[in-house]
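Grab a pencil and work through each exercise before you peek at its solution.

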Amino acid sequence: MVVLIVVSVGILVWGFVAGYPSTPNQPAATVEALLYWAYAMIGLALVSVIVFGLVIAAINDPKSILKLGIGVVVVAAVCGVAYLLAPANPAMGMIQQPTTGTLKLTDTILNLTYLAGGLAILSIIFAEIWSAIRSK
């Protein structure tokens with residue numbers, strides 16, 4: 001874990017020292033490295049959660065593997081719906097546009113971020129209301 005944090009900080013410091021591109025004509029090696037590292041960290045987190053969840057579930061309660069499978073299917077379905085709803089509009093302010101696939105993926109991630117943020121706010125409100133009702 002410490003190694004991952006050190007590598008993350010190293011990439012961030014390298015980006016600040018080398019400079020992030022301010023125009024599309026400048027080389028974007030720092031941005032690409034930061035994005036690829038973020039992809040790797042997200043992938044590592046997903047694999048860790050799924051694999052460790054599967055192992056712990058199999059050891060503690062083999063029947064809970066079905067619940068885990070249903071959870072993975074639900075998350076995949078939500079990601080699929082977010083992908084289908086992503087418009088892949090052209091990026092504003094860019095001379096050279098990314099590919100349609102990149103735009104679609106970016107919009108999908110934005111949709112998932114909006115959904116997660118909205119659900120977090122709703123869960124906070126619901127928890128406060130629920131605790132107020134239960135305390136009476």
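Predicted model: local features only at pLDDT ≥ 70, side-chain atom pairs only at ≥ 80, totals over all residues.

**Exercise 1.** Work out how helix 1 and helix 2 are oriented to each other.

*Solution.* Start with the geometry: helix 1 (residues 2–18) and helix 2 pack at an angle of about 160°, and their axes are 9 Å apart. Next, recall the cut-off: angles over 145 degrees count as roughly antiparallel. Helix 1 and helix 2 are therefore roughly antiparallel. The crossing of helix 1 past helix 2 is left-handed.

Now look at who touches whom. From helix 1, the contact includes Leu4, Val7, Ile11 and Trp14. From helix 2, Ala33, Leu34, Trp37 and Met41 are among the residues taking part. Sorted by class, this contact has 11 nonpolar, 3 polar and no charged residues.

**Exercise 2.** Now classify the packing of helix 3 against helix 4.

*Solution.* Helix 3 (residues 64–85) packs on helix 4 (residues 100–134) at about 125°, with the axes 8 Å apart. Check the ranges: over 145 degrees is roughly antiparallel, 65 to 115 is roughly perpendicular, under 35 is roughly parallel, and the rest is oblique. So helix 3 is oblique to helix 4. As for handedness, helix 3 passes helix 4 in a right-handed crossing.

On the helix 3 side, Val78, Cys79, Ala82, Tyr83, Leu84 and Leu85 make the contact, and helix 4 brings Lys104, Thr108, Asn111, Leu112 and Leu115.

**Exercise 3.** Find out what kind of aromatic pair Tyr36 and Tyr39 form, and say how exposed each one is.

*Solution.* You need two values here, since a pair of aromatic rings is described by the distance of the centres and the angle of the planes. The structure holds 2 aromatic pairs. Because its relative accessibility is 55%, Tyr36 counts as exposed, while Tyr39, at 42%, is partly exposed.

**Exercise 4.** Do likewise for Phe126 and Trp130.

*Solution.* Take the distance and the angle: 5.9 Å centre to centre and 20° between the planes, so planes under 30 degrees apart make this pair stacked. Phe126 and Trp130 both lie in helix 4, 4 residues apart, or about one turn of the helix. Finally, Phe126 is exposed at 54% relative accessibility, and Trp130 is partly exposed with 46%.

Note on methods
Residues numbered from 1 in each chain as written. Heavy atoms only, no water. Axes fitted to C-alpha atoms, helices over the stretch in contact; angles between N-to-C directions. Helix = DSSP H or I, 4+ residues; strand = E, 2+ residues; numbered from the N terminus. Left-handed = near helix turned anticlockwise from the far one by under 90°. Contact = heavy atoms within 4.5 Å. Phe/Tyr/Trp six-rings, centres within 6.5 Å; stacked < 30°, edge-to-face > 60°. Buried < 20%, exposed > 50% of the residue type's maximum accessible area, 1.4 Å probe, protein only. Nonpolar A, V, L, I, M, F, W, Y, C, P; charged D, E, K, R; others polar.
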